[in-house]
Amino acid sequence: MSANNSSDVVIGVDFGTLSGRAVVVRVSDGAELASAVHTFEHGVVSTALPGASSVVLPPDTALQIPEDYRAVLGNAVPKALAAAGVAPERVIGIGTDFTACTVLPTTADGTPLCELPEFADRPHAYPKLWKHHAAQREADDINALARERGESWLARYGGRISAEWEFAKGLQVLREDPEVYARADRWIEAADWIVWELCGRETRNVCTAGYKGIHQDGAWPGRDYLAALDPRFAGFAEDKIAHPLSQLGAPAGRLSARAAARTGLPEGVTVAVGNVDAHVTAAAAQTVEPGRMLAVMGTSTCHVMNAETFAEVPGMCGAVLDGIVPGLWGYEAGQSGVGDIFGWLAEGLVPAAYQREADDLGISVHDLLSRKAAGQPVGGHGLVALDWHSGNRSVLVDHHLSGVVAGLTLATRPEEVYRALVESTAFGTRTILDAFAASGVPVTEFTVAGGLKRNAFVLQIYADVLNRPLHVTDSDQAPALGSAIHAAVAAGAYPDIRTASAAMGGATRDAVLPDPARAAAYDALFEVYTDLHDHFGRGGSDALHRLRAIRNESLTR
Ligand SMILES: Nc1ncnc2c1ncn2[C@@H]1O[C@H](COP(=O)(O)OP(=O)(O)O)[C@@H](O)[C@H]1O
Ligand SMILES: O=C(CO)[C@@H](O)[C@@H](O)COP(=O)(O)O
């Protein structure tokens, strides 16, 4: 079937780190008719549980509250629909995407354990957000044992799985709160849990199962391997995760009466299979064809790209067959901190005078710092930073690493540090692209989506550091548009994601071009970055690990 009724619309809902956004999209051409955002009341829970709990959360904890997710369905969806002036009857499908490896324990009927009164003050009963980085020890153990036993799946994850993924977080729950672990009938990605909320039945999508759930070649890690990690962990995959997998773009079910009442959509509307915020964006950015890398640049950056074949790229997050669209190998790599790192400086560390100046100009501190730094010659600040404030996802896969700024003097200005931080994230991306090229998976095109695409200064630095043109997605809410595209496919309006992407997605080609002189100048700085990267990240010095251990010991003493 092809796009037929010109008045049909679909809803896409993107669940981000701090908020959820719903967009109403015309099926025939992908036009975004209206959108609405709902901010999570509790945001990221990292110091204390909400309510009267006196439980103090350990460092690197990042939890969320499931009711905040439901509130997006109950607020953003009806608001977007009303703003579009669209009658609910015109909606033929709803699709969702979520931050990935945001994972929670539930009962057999999908009730989050943190909503059971007896578990309300137990941190491990809450959803662990993607950037919960407190399971590095567990990831280290998982990797060491997998290497020792020659587990074949390890190569699909570039040789290391991350502390962010489902297994490391699950093992942390077992070790630190075995009672919560035992009570968890299901251990489920929020991407699949929200679909359960919408259509009242559990489904598991191939994308999160593959990238975050170590599902490869039709199987999860075996019982033997899990038992060798910890005998109590033997049934983790079989008992708490295993479920038939659903292909992306397929229908997961139909909107339940309860979800219809919450969203204002008609009962029975098609609900698409869940998906990851980054991977779903490929449909909106028209980057589903092989070799087109998409960087979704926001709080963090996710790099996703399709290829015809599998190759082991050291330090990638993973390669999954059907992981972005059915029939192709989807690759993912990423940087755990990007906008977060810029925000660390802009929102917490600049002098009050900068805040006043930004207020007077009516711009954000980010934009003020960008403006002040934009005119500098490459290397004029004498700085090189390492972009590891939130650990390193690719290519080192180590969340015990931390940020570094080298070259500071008494003359260094805040905007110069800001520039060095932006450059460090661009160098991190270049390191990832080099790893893909060296592994025989060349990146032929580079497209940018996400909130950072609005900062022209950031984009120019990326074009110069990568020395290649950037294509930029047209939509300002590309993940939500991607979810809407998946909804259109699930509802039968298009035969597959590739066709729907061509009709409903869009990007401006060559939107930012590199400057040859600046690109050449960046080569010298990139060499310094690589020196520091390898020194602190590949065994030259274990100073950063020692500092992390000292911090953790001091805080838990
Ligand atoms: N003008 C700006 N320039 C650069 N970074 C920014 C700017 N404004 C906000 N940020 C950073 O962008 C990130 C938010 O990105 P966004 O794409 O909106 O969110 P998310 O990744 O959670 O979907 C924050 O980490 C913030 O510090
Ligand atoms: O982990 C993944 C993808 O694997 C992302 O969901 C995660 O980095 C969050 O992305 P955002 O920066 O909040 O858009």
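**Backbone exceptions, cores and a helix pair**

D510 lies in strand 19 (residues 507–512), strands being DSSP runs of E with at least two residues and helices runs of H or I with at least four, numbered from the N terminus. The model is predicted, so local features need pLDDT of at least 70 and side-chain atom pairs count only at pLDDT 80 or more, while totals for chains, interfaces and linings use all residues. Residues are numbered from 1 along each chain as its sequence is written, chains are lettered from A and ligands numbered from 1 in the order in which they are written, and side-chain values use heavy atoms, leaving out hydrogens and water.

Although not a glycine, D510 has a positive phi of about 50°. At 41% relative accessibility, D510 is partly exposed, that is, between buried (under 20% relative accessible area) and exposed (over 50%), with a 1.4 Å probe and protein chains only. D510 is also among the residues touched by L470, along with F446, Y462 and V512; contact means heavy atoms within 4.5 Å.

L470 in turn belongs to the largest nonpolar core, of 69 residues, where L470, Y331, F342 and F436 touch the most other members. Helix 14 (residues 414–438) gives the most to this core, with eleven residues. Such a core is a set of buried Ala, Val, Leu, Ile, Met, Phe, Trp, Tyr and Cys residues joined through side-chain atoms within 4.5 Å.

Two further backbone features deserve a look. Q286, in the loop between helix 10 (277–285) and strand 11 (292–297), has a positive phi of about 55°. A cis peptide bond joins S394 and V395, with omega about 10°.

Definitions and conventions. Lists of a residue's contacts leave out its neighbours within four places in sequence.
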